[in-house]
Amino acid sequence: MGKKTTVSCGKQLDIAHVENLKERFQAALNKSPAFIQVKAEQVERTDSAGLQLLVATQLYCQNAGIAFGIHKATSNFLDSAKLLGLSEVLNLES
């Protein structure tokens with residue numbers, strides 16, 4: 001396996017941007033990384049579709065033996081994940 005690969009969520013983690021983010025995750029996974037780091041420090045808007053993609057990607061990584069982590073999540077991101085009951089699923093700090 002390879003090294004760490006980083007994917008940025010950008011400012012919008014929502015349904016309008018989820019297809020593009022999915023393509024970036026697929027490109028990252030094609031590099032056979034040992035770890036995928038999701039950068040969430042710019043996220044201003046989050047919805048359930050964006051968080052659903054992160055959960056699906058995390059589960060895929062878990063099944064493939066690839067470490068997955070979210071780095072520097074904004075308060076908007078953390079609040080949305082908490083509201084949807086996904087903080088623990090995504091291993092986010094309280």
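The model shown here is predicted. Beyond its neighbours within four places in sequence, Thr 57 is in contact with Phe 25 and Phe 68. Thr 57 itself belongs to helix H2. Its relative accessible area is 7%, and because a residue is called buried under 20%, Thr 57 counts as buried.

**Overall build**

The protein contains three helices and five strands. Read from the N terminus, these elements follow the order β-β-α-β-β-α-β-α. A compact globule of 94 residues would have a radius of gyration near 12 Å, and the protein agrees with this because its own value is 12 Å. Along the principal axes, the C-alpha atoms occupy a box of roughly 35 × 25 × 20 Å.

Of the 94 residues in the protein, 40% are buried. How far apart are the mean positions of the positive and negative charges? The protein has 10 positive and 9 negative charges, and their mean positions lie 8 Å apart.

Contacts can also be sorted by the distance between the partners along the chain. Taking contacts between residues at least 6 apart in sequence, 79% link residues at least 24 apart.

**Strand pairing**

Strand S1, residues 4–8, pairs with strand S3, residues 35–39, in the parallel sense, and five bridges connect them. Strand S3 also runs parallel to S5, again with five bridges between the two. S3 therefore has pairings with both S1 and S5, given that two strands pair if at least two bridges are found between them.

Which residue of S3 is the bridge partner of Ser 8? That partner is Lys 39. Lys 39 in turn has His 71 as its bridge partner in S5. In a regular strand, side chains alternate between the two faces of the sheet.

**Residues in the loops**

Gly 65 sits in the loop between helix H2 (48–64) and strand S5 (67–71). Ile 15 is placed in the loop that lies between strand S2 (12–13) and helix H1 (18–29). Thr 74 is found in the loop between S5 and helix H3 (75–83).

| Residue | Relative accessible area | State |
|---|---|---|
| Thr 57 | 7% | buried |
| Thr 74 | 16% | buried |
| Gly 65 | 54% | exposed |
| Ile 15 | 63% | exposed |

Thr 74, although placed in a loop, counts as buried at 16% because the limit for that class is 20%. Apart from neighbours within four places in sequence, Thr 74 is in contact with Ala 40, Glu 41, Gln 42 and Val 43.

Ile 15 is exposed, yet it touches Asp 47 and Ala 49, leaving out residues up to four places away in sequence. Ile 15 and Ala 81 are 66 residues apart along the chain, and their C-alpha atoms are separated by 15 Å. For Gly 65 and Glu 44, the separation in sequence is 21 residues and the C-alpha to C-alpha distance is 30 Å.

Technical notes: Residues are numbered from 1 along each chain as its sequence is written. This is a predicted model: local features need pLDDT of at least 70, side-chain atom pairs count only at pLDDT 80 or more; totals for chains, interfaces and linings use all residues. Side-chain values use heavy atoms; hydrogens and water are left out. Helices (H or I, at least four residues) and strands (E, at least two) are DSSP runs, numbered from the N terminus. The radius of gyration is taken over C-alpha atoms; the globule rule is 2.2 Å times the number of residues to the power 0.38. Buried means under 20% relative accessible area, exposed over 50%, partly exposed in between (1.4 Å probe, protein chains only). Contact means heavy atoms within 4.5 Å. Lys and Arg count as positive and Asp and Glu as negative; His and the chain ends are not counted. The place of a charge is taken as NZ of Lys, CZ of Arg, CG of Asp or CD of Glu.
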